Amino acid sequence: MHSGYPRFYIHQTIQKLCRKLEEQYGRANERAFVFPSNRIAKRCREFVVKFGGENASARIVQVAPSDTCRLSVVLVPGSLFPVAKKYWQHTGEGISSRLAEFSLAKLFPEDLSTSGAADEETAPHAAGAAEFLEERFGRNLGLDHAQDAKNAICKRIASKASTEGNHVDAEDVYLYPTGMTSIFSAHRALRGARGEQLKSIAYGLPYVDSLQIMTKFGAGVHFYGNASKSDLDEIERLLESGEKVLMLFCEFPSNPLIKAPDLARIKKLAFKYDFAVVVDETVGNFSNVDVLPYADIVVSSLTKVFSGDSNVMGGSLVVNKRGSYYRQIKEALTDQYEDTMWSEDAIYLERNSRDFEDRSKRINKNAEAVAELFHSNPHVAKVHYPLYNESKPFYDACKRPDGGYGGLLSVIFKEPEQAIKFYDAVESAKGPSLGTNFTLTSPYTILAHYEELDFVEQFGVDRHLIRISVGLENLDELLNRFKLGLAAIEA
């Protein structure tokens with residue numbers, strides 16, 4: 001693989017900017033990472049020193065592509081590149097490819113041939129213009145509209161997250177450049193609000209970097225990977241023994257097993273034993289589920305269904321006004337929060353998300369039909385989807401009256417060779433991510449957990465699992481594609 005998900009594979013435009021900065025500011029064999037603020041760069045430097053071994057070091061150089069844009073460059077010895085890249089991956093706090101493109105044009109105008117960027121997109125930068133071309137909607141938008149776009153996104157999220165009994169103000173919605181940054185920031189905010197000495201609880205096998213955040217930052221984590229009733233019993237025994245914890249983190253539903261946790265019981269435990277609850281509802285998404293009544297913080301990747309177009313990344317954090325730690329969390333965020341979402345990214349995200357509820361409903365309908373196709377196939381051992389999971393009652397308890405079961409499902413075939421034949425034959429886009437407007441099929445476990453296949457299998461994540469993110473295609477055409485993929489198993 002030469003490219004991939006941006007936190008795992010640094011975008012080629014960002015790589016080019018880093019090479020230019022290394023040439024200009026680097027010492028012998030130093031490598032560069034670019035961040036949108038000095039505070040973030042300092043956190044990266046602390047991470048490198050902590051995990052880089054004896055005598056590990058990093059230094060920071062600040063550059064200014066424009067009067068309103070300031071970047072901080074972390075320079076590390078080449079041997080520490082993998083360590084710094086882990087910070088980039090775990091936290092999602094690096095710059096976006098659009099910000100890299102802008103910075104290249106401003107800092108190095110003599111060389112505008114940025115990797116993967118069209119000439120017509122870079123030309124306005126060369127002329128020093130303050131706006132970007134966005135032809136999809138037939139008009140140009142200047143960067144001075146970015147704050148309006150961000151305000152609109154916050155209001156859109158607040159409106160959908162609100163219910164009759166739990167109103168959300170736009171001021172309680174925080175935007176981030178990636179979904180992972182929103183998770184990292186929720187963890188940071190609770191450490192600031194409740195203390196650095198408390199461990200967290202990870203309930204269920206979360207996305208790989210979510211677990212790494214709780215493991216490597218702060219006091220550590222109690223990990224309960226099965227998200228079962230017995231796991232909750234174990235957690236209750238731990239708490240009853242006197243163990244104090246910072247927070248419980250879970251996904252609703254989980255990725256890739258699409259299991260819904262018992263949020264009602266978790267909330268009761270949180271109230272009794274005094275800990276916060278953070279729920280990542282990316283897979284369910286707030287057009288389908290309402291998890292806020294059970295959580296102190298709800299985080300989401302806006303990269304997914306909210307955007308849909310696969311051309312921008314973003315994340316959100318919503319603080320529950322009725323939560324036990326509302327005041328403390330708000331105070332921590334007042335101290336910690338930085339708006340680091342690049343202006344052009346916000347403009348794209350606002351435009352993409354205008355019809356997200358309608359798209360979500362169409363995806364729900366398609367996904368239910370696709371899940372039924374696999375559920376009825378004799379070669380399929382199991383379909384992970386809320387309709388067929390034992391945790392369906394927990395999902396239904398949070399499902400909105402007009403919501404559905406989401407667009408993500410995972411398929412386990414009876415034999416590994418069947419999974420291979422199906423994957424090779426099925427005619428859909430293939431790769432990481434989910435929530436795209438087009439259907440996306442991936443060998444999820446191999447992509448996300450390649451170095452820990454045995455570890456994740458003990459929590460029910462089969463190494464040959466095929467994950468399908470269902471899109472907006474015509475349903476008959478979509479079903480025919482999957483039928484042809486299934487037919488290949490017989491060949």
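Rings of Phe, Tyr and Trp (its six-membered ring) pair if their centres lie within 6.5 Å; planes under 30 degrees apart count as stacked, over 60 as edge-to-face and the rest as tilted. The model is predicted: local features need pLDDT of at least 70, side-chain atom pairs count only at pLDDT 80 or more, and totals for chains, interfaces and linings use all residues. Residues are numbered from 1 along each chain as its sequence is written, and side-chain values use heavy atoms, with hydrogens and water left out.

**Exercise 1. Find how many aromatic pairs there are, and classify the one between Tyr87 and Phe184.**

Step 1. Count by the ring rule. The total is 25 aromatic pairs.

Step 2. Take Tyr87 and Phe184. Their ring centres lie 6.3 Å apart and their planes meet at 85°, so this pair is edge-to-face.

Step 3. Helices (H or I, at least four residues) and strands (E, at least two) are DSSP runs, numbered from the N terminus. Tyr87 belongs to helix 3 (residues 81–91) and Phe184 to helix 7 (residues 179–194).

Step 4. Check the cover. Buried means under 20% relative accessible area, exposed over 50%, partly exposed in between (1.4 Å probe, protein chains only). Tyr87 has 0% and is buried. Phe184 has 1% and is buried too.

**Exercise 2. Describe the pair formed by Tyr176 and Tyr337.**

Step 1. Read the geometry. The centres are 5.4 Å apart, with 90° between the planes: edge-to-face.

Step 2. Locate the partners. Tyr176 is in strand 6 (residues 173–176). Tyr337 is in the loop between helix 11 (326–336) and helix 12 (343–352). The two are 161 residues apart.

Step 3. Tyr176 is buried at 3% relative accessibility. Tyr337 is partly exposed at 25%.

**Exercise 3. Trace the ring cluster that includes Phe81, and find which charged end sits over the ring of Phe81.**

Step 1. Follow the ring pairs. They join Phe33, Phe35, Phe47, Phe51, Phe81, Tyr87, Trp88, Phe184 and Phe217 into a cluster.

Step 2. Apply the charge rule. A charge sits over a ring if NZ of Lys or CZ of Arg is within 6 Å of the ring centre and within 35 degrees of the ring normal. The charged end of Arg31 meets it over Phe81, 4.0 Å from the ring centre.

Step 3. Arg98 lies over the face of Tyr348, 3.8 Å from the ring centre.

**Exercise 4. Summarise the protein chain as a whole.**

Step 1. Count the elements. There are 18 helices and 17 strands.

Step 2. Get the extent. The C-alpha trace spans about 60 × 60 × 50 Å along its principal axes.

Step 3. Find the buried share. Buried residues make up 59% of the 491 residues.
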